[in-house]
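The following report describes selected features of one protein model. Please examine the sequence and structure shown here before reading on.

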Amino acid sequence: MSDSAPDTSGTSALRGRWREALLAARGGTGLAPDPDPYADALLARWAEPQRRYHTTAHLTQVLDRVDTLAGHAADPDLVRLAVWFHDAVYRPDRSENEERSAALAERALPEAGLPDAGTAEVARLVRLTVTHDPADGDTNGEVLCDADLAILAAPPKEYAAYAAQVREEYGFVPDDAFREGRAAVLRQLLELPCLFRTPHGSAEWEPRARQNLTTELELLTH
């Protein structure tokens, strides 16, 4: 892309958001490396061809939701960095994506100038997205998990597009097996006492998310 070409993909805005979060989390720790190459490496991962839902659009949406919930987090900039890494490694046919994403954060963030304690917190948060079950009082975890799951509370048309994108990512799975597996995931979510842990998520997202999940489950099983 030339310097004068329009950045229709939004990568320039995302690069700026990465820079802002990383610089804030570093706390002005000297002449640390330029954040931009790290953003570009992550953006390349988020643009991989096997992705349909877990794309830069998802990255942007989750960052937007963290902004909405930021007042609840103990350290929102570390949560933002965790958003960048939480699906940085994504292969729909593998089960260790979150662990590999956390390990990537543990390698990259010290090089990018983040102190050890911040790196450890980002990696912990990324691993938390395996279960989306933060402990009581884990405000950083609550914000990350709520932001990641907020798509469940999307308007019906947007939710249907999300469900279709998930199906595309699992295109290698036969229809019957996918329907069975997806239905099991939906039932597991619906059985949780609460999907969202922040006050905003509980009040604004929980009812619509449960309705969307119930509707999708009915479509899959009838």
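Cys145 counts as buried because its relative accessibility is 2%; buried means under 20% relative accessible area, exposed over 50%, and partly exposed in between (1.4 Å probe, protein chains only). Cys194, at 28%, is partly exposed. The model is predicted, so local features need pLDDT of at least 70 and side-chain atom pairs count only at pLDDT 80 or more, while totals for chains, interfaces and linings use all residues. Residues are numbered from 1 along each chain as its sequence is written, and side-chain values use heavy atoms, with hydrogens and water left out.

How many disulfides does a search of the whole structure find? The search finds 0, a disulfide being a pair of cysteine sulfur atoms within 2.5 Å. The cysteine sulfur closest to that of Cys145 belongs to Cys194 and is 11 Å away, too far for a bond.

Helices (H or I, at least four residues) are DSSP runs, numbered from the N terminus. One of them, α5, has 15 residues and should span 21 Å at 1.5 Å a residue; its end C-alpha atoms lie 22 Å apart, which agrees. The expected span is 1.5 Å times one less than the number of residues. Among the buried residues of α5 are Asn97, Glu98, Ser101 and Leu104. Seen down the helix axis, the buried residues of α5 fall within an arc of 160°, so they line one face; the arc is that of the directions from the axis to the C-beta atoms. On the face turned away from this buried side, α5 carries the exposed residues Arg107 and Glu111.

The next topic is pockets. On a 1 Å grid over the protein atoms alone, a pocket is an open set of points where a 1.4 Å probe fits, with protein on both sides within 12 Å along at least five of seven lines; lining residues have an atom within 4 Å of a point. A volume is the space filled by probe spheres set on the points, which are joined across faces, edges and corners.

| Pocket | Volume | Lining |
|---|---|---|
| Largest | about 1,100 Å³ | 38 residues |

Glu98, Val130, His132, Tyr170 and Val185 lie nearest the centre of the largest pocket. Helix α9 gives the largest share of its lining, 7 residues.

Technical notes
Helices (H or I, at least four residues) and strands (E, at least two) are DSSP runs, numbered from the N terminus.
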